[in-house]
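Colleague: I've got this structure open and would like to learn how to read its features. Could you walk me through a few?

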Amino acid sequence: MSAPLLEVVDLVKVYALARPAWFAPRPYRRAVDGVGFGIEAGRSFGVVGESGSGKSTLARAVMALERPTAGVVRLEGRPLDDLPRRELRAMRAHFQMIFQDPYGSLDPRQKIARIVAEPLAALAHVGRAERAGRVEEALGAVGLGAADAQKYPHEFSGGQRQRIAIARALITRPRLVVADEPVSALDVSIQAQVLNLMSDLQREAGVTYLFISHDLAAVGHICDEIAVMFHGRFVETGPSAALLGKPAHPYTRELVDAAPKLAETPLPPSEPPPRPDATTGCPYAARCLYAQPRCLEEAPSLRPLGEGRRVACHFPLGG
Amino acid sequence: MLLEVSGLAIDLPSPAGARRVVHDVSFSLAAGESLGVVGESGSGKTMTALALMGLLPDGAVVSGAVRFEGLELARLGEAEMQRLRGDRLAMIFQEPMSALNPLQRIGAQVAEPLVLHRAMAKAAAWAEAVRLLDRVRLRDPERIARAYPFALSGGERQRAMIAMALSCGPKLIIADEPTTALDVTVQAKILDLLASLGEQSNMATLLISHDLAVVARHCRSVLAMYGGTLMESGPVDAVLRRARHPYTRALLEARPRPGAPRGERLRAIAGVAPPSASALVGCPFAGRCPLTLDVCRTTPLPTIEFEAEHRVRCHRVDAEGRLT
Amino acid sequence: MSASALETRGRAGASLRLGLAVVAALLGAAALSLVWTPYPPDAIDVPHKLLQPSFAHWLGTDGLGRDVASEILAGARVSILVGVIAVGVGLVFGVALGLVAAAAKGLVEDAIMKLCDFTFAFPALLSAIMLTATYGPGVVNAIVAIGVANVPIFAKLTRATANVVLAREFTLAARAAGRGPLGVAFDHVLPNVAPALIVQATIQFAVAILAEAALSYLGLGAQPPQASWGRMLSDAQGWMYVAPRLAVFPGLAIALSVLGLNMLGDGLRDALDPRLRARG
């Protein structure tokens, strides 16, 4: 087995919050609390969680836009933290990002050509003439035309802007693309278009995705393997089909049930009994329908479940 | 019939003259029922909702009839509409952060309609507000009432907005994409809450969304709009199982199904929705529709009711609901 | 800003057009005075003092027989000079400080803002008086004082708007694409804070004109024989009961310039902002 393209080991990111009173101790928030995984080239990995789960922080840490408090992020075997600034910049050509907000991730005062070409600025060896050609190539790959390069972002719809963001992410022909909620802000019918585009590009350009979202169905569509994130930790990981078909962790089950579906009749949702917010034990216990006393006392860690699956639960579903 | 809309058309002013954004929409809603309106951005669904509330931008021209509790809303003046809003007719919006005043406590905002329409004293209104926050299943309602919007999560803010909308016991609540900005798990809970509140108080719900699955789960009937025009309407089961309009069918097929083979191509609808319905004669979906014929562009759409209450507007569908 | 901004409809468009017209007139007057004035503005002609406006002297003459119309034209020169340089100084240093504060954050940001607050505490007039006490009176000292007073204004504005821009995702996207902090500041932050700066600059221009007039009135700004509207006001004091028009003309010139600049600022604010936020 070759070395993974992206390797994350024991990643921790802690934020200091404002002191509630002058001499009170400063509270901290563990946004990412010990996350580790690896992605092999050509396979795609999805991270699913709700807001506050730490998934966006994870994305930024992987993109070296934030320094981790602890842990390592290695791309192509090289730890991103230790790299001197110049080398990190050069490496950025190999990993790019697609952001969530199609209305905020493009500079409203720049033309599309300039926006899409921006990552090339970090690549010293790409000259002016080649730049224009690459822009046209990237726009073509996402279904836009050369004429669009001279327009401004406000002349495009949300779905089109997201395509532009994808073109920008692909222009340096990166090996890894981190997509942070790339379709969440789009209408369902446009989501399908953009997801198709991402699948196609995966096949044609051999891009590896780290796909982060709260939408299980979209993640399941693109990714080989999924990790479910809750309160800064992975609570379940495994191959997409198995994980979505037979969730082992109660939280995964909650996500699967909550996803709007057309075919089945919904299960009547039941509210868990009110429990105190504990600092020990499983962080999901307060919401879990199946919590036992042990769950409030002891925090479970990720344990293998067979067939490449791991789950952090004392009483995984399905026995 | 609580609400009857017939032949609603909305024109908005634009630099190039009046622009028709909603063409000839008709539907009805009985007390306690839930109706979902589905469509992409630009389909006119929000404009329709705003027309019901009388909140269209200045210069908008509304034609057609809108009867609410027997009253013809189009003929009412602003003062009369203000008496209805918040009292008999309420609306909740997509972005709870911008729909709530960031500088006012939640309790005060929830109490506002009570003070306005029921002439309640501030203290009594505050107490009622706390009761309402409890009714929308917020934990520790007193603390929430005292808090400001920024201290709450998206789901909590949306529940607070629902509490505000419910305060005077309206007969109709219009929810415009209430969960689009929220996570999936919170989404499900908010929609369930709306449904159960509707049942408890015999309140009718008009739920607007771009996601057919959201509407399917929580509404009794559904309306699909495109380009400002009604494409298909009917009971949810009928529309889901026997959708006849090419647009509705495309919407149904566009969703990735969990468990489907990975990498399978989604049946996306090629092209983009028209930015606004312009002055057109035929079907707004013509050109983007795989079944387009010349007649689709030149002739106004018929309305075909091929089974009980299930209507479709398409030139390619005959009176029995078969594709021609 | 495109030409179509001038077609902005309604009151905003009128404000913009009127403002531009007044500023153009001001600039025109100053430029004209460089090559021609009806009479030399400093030509003392005591036998013809305090004349009423007539065909020979359009606005009359002052207490020393100087042609008022020529003085007004020449005075425009000083006002423009002070305005341009003082605002220019404020922009160059203020924007730089503001960008550094917004980008660096933490202690650096705090230090810069405290420095601005400190400078803010000294009104331009006070600084001007101190400067002239040390270095003697003159236009240059007035310009320096007003310019320095402008720096914290632009620094604070730049920092506040830059923070808003930096919070938006496209700056993060630029960093993810490999741009360094300078690249992000010049290519992304600056163009997006520019509209607010432009509007503030027109306001500060008006303030500079007023400040210069005040300083000259106190005898601390433009010195004779240099013509200045403030100095004209000061001189007019002695003739208030005999010829109040000597105060009215420069006063009107100041008021109209300030009004025109403010209207330009209002018009620009409306013309620049919604256009940027227009969505397709």
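Colleague: At what angle do helix 5 and helix 7 of chain C pack?

Modeller: Two packed helices are described by the angle between their axes and the distance between the axes. Here helix 5 (residues 139-166) and helix 7 (residues 181-217) of chain C pack at about 155 degrees, with axes 9 Å apart. The axes are lines fitted to C-alpha atoms over the stretch in contact, and angles run from 0 to 180 degrees between N-to-C directions. Helices are DSSP runs of H or I, at least four residues, and strands are runs of E, at least two, numbered from the N terminus.

One caution: this is a predicted model, where local features need pLDDT of at least 70 and side-chain atom pairs count only at pLDDT 80 or more, while totals for chains, interfaces and linings use all residues. Residues are numbered from 1 along each chain as its sequence is written, and chains are lettered from A and ligands numbered from 1 in the order in which they are written.

Colleague: Which residues make the contact between helix 5 and helix 7 of chain C?

Modeller: Among them are Ile146(C) and Phe154(C) of helix 5 of chain C, and Val193(C) and Leu197(C) of helix 7 of chain C. Contact needs C-beta atoms, placed from the backbone, within 7 Å. By class, the contact residues split into 15 nonpolar, six polar and one charged. Nonpolar covers Ala, Val, Leu, Ile, Met, Phe, Trp, Tyr, Cys and Pro; charged covers Asp, Glu, Lys and Arg; the others, Gly among them, are polar.

Colleague: Is Ala96(C) buried, exposed or partly exposed?

Modeller: You count other C-beta atoms within 10 Å: 20 or more is buried, 12 or fewer exposed, in between partly exposed. Ala96(C) has 15 such neighbours, so it's partly exposed. Ala96(C) sits in helix 2 (residues 68-104) of chain C.

Colleague: And how many residues of helix 1 of chain B are buried?

Modeller: Seven of the nine in helix 1 (residues 45-53) of chain B, including Met47(B) and Leu52(B). Just after helix 1 of chain B, Gly54(B) takes a positive phi of about 75 degrees.

Colleague: What's the strand order in the open sheet of chain A?

Modeller: Strands pair if DSSP finds at least two bridges between them. The four strands of chain A run 2-1-4-5, with antiparallel pairing. Strand 2 (28-39) and strand 5 (78-79) of chain A are at the edges with a single partner strand each, so one side of each lacks a neighbour in the sheet.

Key:
Contact = placed C-beta atoms within 7 Å.
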